[in-house]
Amino acid sequence: RINVQRVRELELDYMPPSRILDIGCGAGYFLYICKTLGHDVLGLDMDNFPMFRELTQMLKVPRVIARIDAFQPLPKLDRKFDVITAHLICFNAHKSDKLWGPAEWDFFLNDVASHLNPAGRVWLELNREYDGSYYSPELAAFFRDRGAELHGYRVVFNRGTLVPVATASVASTNHRRGADVPRQQPQAHVR
C-alpha cells in the first residue's frame with residue numbers, strides 16, 4: 001500500500017514511460033509497480049538480506065549491488081534517470097554519531113545530479129533521528145540552497161531544480177562560509 005501511495009505522490013501512474021532509479025530498493029516492490037506501469041527501472045541496494053534478493057529476482061526487478069557511503073560515488077550506471085528515489089534512507093549514517101551533514105550530502109547530491117537527466121527529479125525520504133527531527137536547521141537550509149522543497153521527512157528536487165554540479169559547488173562553498181546564497185526557484189509543475 002505504501003508503495004502505491006509513493007507512485008501516486010510522484011505521479012508516476014500518469015507519467016509517460018520514464019527511467020527510474022531507486023536507491024535502497026529493498027525487496028523491489030516500489031520498482032515492480034513502476035515497471036508494471038511501463039517504466040524502465042533499476043534498483044540499487046546492498047545484498048545483506050536473502051529475502052530481498054529472492055523477491056527482486058521473483059519480481060524481475062533489475063538491481064545493482066552497491067553500498068552508499070559518505071564521499072563515495074554511486075557505481076557506474078549505463079543510463080541517466082528521469083526520477084531518482086530513496087525511501088527510508090539509512091545510508092546517511094542514520095541514528096549514529098556519524099550522521100551526514102551538508103558536506104556529505106553535497107557530495108552525494110553532486111553525484112546523483114550526474115546520473116539525472118536535465119529535467120529529472122529526486123525524491124528522498126529521511127528517517128527520524130533520536131531527537132525526533134529528520135534534519136538539523138543547518139541541513140534544512142543546505143537542502144533549500146540546493147533547490148529542494150522540504151515536506152516533513154521528504155526532500156524533493158522537482159523537475160530540473162537539482163542545482164548542477166558546478167553551481168552546487170559554488171553554492172555549498174558560499175553556504176559553508178555563511179554567505180547569503182539566493183535560492184533557486186522551482187519551475188512550475190506541468191501535468
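This is a predicted model: local features need pLDDT of at least 70, side-chain atom pairs count only at pLDDT 80 or more; totals for chains, interfaces and linings use all residues.
Local features need pLDDT of at least 70 and side-chain atom pairs count only at pLDDT 80 or more, while totals for chains, interfaces and linings use all residues. Residues are numbered from 1 along each chain as its sequence is written, and side-chain values use heavy atoms, with hydrogens and water left out.

Side chains of opposite charge can pair when their charged atoms come close. Counting a salt bridge as a side-chain nitrogen of Lys or Arg within 4 Å of a carboxyl oxygen of Asp or Glu, the model has ten. One of them joins Arg-63 to Asp-47, at 2.9 Å from N to O. Arg-63 sits in strand 3 (residues 63–65) and Asp-47 in the loop between strand 2 (40–45) and helix 3 (50–58), so this pair ties together parts 16 residues apart in sequence. Helices (H or I, at least four residues) and strands (E, at least two) are DSSP runs, numbered from the N terminus.

Asp-106 and Arg-146 also pair up, at 2.7 Å from N to O. Here helix 4 (residues 102–114) is tied to the loop between helix 5 (137–145) and strand 6 (149–151), parts 40 residues apart in sequence. Asp-106 is buried at 7% relative accessibility, and Arg-146 is buried at 1%; buried means under 20% relative accessible area, exposed over 50% and partly exposed in between (1.4 Å probe, protein chains only).

As for the backbone, phi is positive at Glu-11, near 60°, and at Leu-88, near 50°. Leu-88 belongs to strand 4 (residues 81–89).
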